[in-house]
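Begin with the disulfide and then turn to the chain as a whole.

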Amino acid sequence: MNIEEIRGRSRVILAIDEEEPRKYWNVLDAVGSSVKAVKLGWMAILSLGSDGVKSLINGHDDKYFIMDAKMADVNFINEKIARRMAGLGFDGIIMHGFIGPSNAPPSVMDVFVLISMTQGPTLYDASLERAMDYTKAIDRRGIVVPGNKPDIIRKAREQFPSDVIISPGIGAQGGSIGCAVKHGADFGIVGRSIYESSDPVESLKRLEREAAESQC
């Protein structure tokens, strides 16, 4: 699966961060083909184990999977992490932008560079322009910009006109997917608002409608 294949067809990336292993299967089985892209993090690795994650991805091979590794190590370690995650079936991986191009992993999968956090304050908030400058030098597919900070999404879109922008912080953290899309995001990353819903598919459809309306 290629992220460009779903860009414009869907606006929601489903995030799952649960401790109970079976919940990952239950959530993905519940939403079925309605979800085109999924973000997993270290909680998935800790809960399912590497073999469990690989099985989960292989069992839902109609979806694009992003590993939210938030890599921030030296290039030697980041390369090992990226290759291991590619081996599990992940299509993309997230790294911190502040580590710069010299520590970016090789192009074994799509790289998404984080330039701002959904919660703060952080050093990113004080050095957004510098973070964007570092990011421009990294071989990447796209960037990660908070969905609950639409002004930063707008600035990022101006600086990265062709990048795929994925935005966490939608729903439980206060961000609006319609507002994020209006300001330039391609995808809103949503977790609890979908998988804790009594009707995950309807919640997903509602979010897609809000994204299509692109209103704040």
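In this predicted model, the torsion about the S-S bond of Cys179 and Cys216 is about 85°, so the disulfide is right-handed. Cys179 belongs to helix H8 (residues 177-182) and Cys216 to the segment after helix H10 (200-213), so the bond ties together parts that are 37 residues apart in sequence.

**The disulfide and its cysteines**
- The structure holds one disulfide, and the S to S distance between Cys179 and Cys216 is 2.1 Å.
- A disulfide is a covalent bond between the sulfur atoms of two cysteines.
- Cys179 has a relative accessible area of 11%, under the 20% cut-off, and is therefore buried.
- Cys216 has a relative accessible area of 62%, over the 50% cut-off, and is therefore exposed.

**Fold and dimensions**
- Ten helices and eight strands are found in the chain.
- The radius of gyration is 16 Å, close to the 17 Å that the globule rule gives for 216 residues, so the chain is as compact as a globular protein of that length.
- Along the principal axes, the C-alpha atoms fill a box of roughly 40 × 40 × 30 Å.

**Packing and contacts**
- Of the 216 residues in the chain, 51% are buried.
- Among contacts with a separation of 6 or more, 65% are between residues 24 or more positions apart.

**Surface and charge**
- The chain has an accessible surface of about 9,600 Å², and carbon and sulfur atoms account for 46% of that area.
- The chain carries 26 positive and 29 negative charges, whose mean positions are 2 Å apart.

Terms used:
Residues numbered from 1 in each chain as written. Predicted model: local features only at pLDDT ≥ 70, side-chain atom pairs only at ≥ 80, totals over all residues. Heavy atoms only, no water. Helix = DSSP H or I, 4+ residues; strand = E, 2+ residues; numbered from the N terminus. Rg over C-alpha atoms; globule rule 2.2 N^0.38 Å. Buried < 20%, exposed > 50% of the residue type's maximum accessible area, 1.4 Å probe, protein only. Contact = heavy atoms within 4.5 Å. Areas by Shrake-Rupley, 256 points an atom, 1.4 Å probe, with all protein chains shown as cover. Lys, Arg positive; Asp, Glu negative; His and termini not counted. Charge placed at Lys NZ, Arg CZ, Asp CG, Glu CD. Disulfide = S-S within 2.5 Å.
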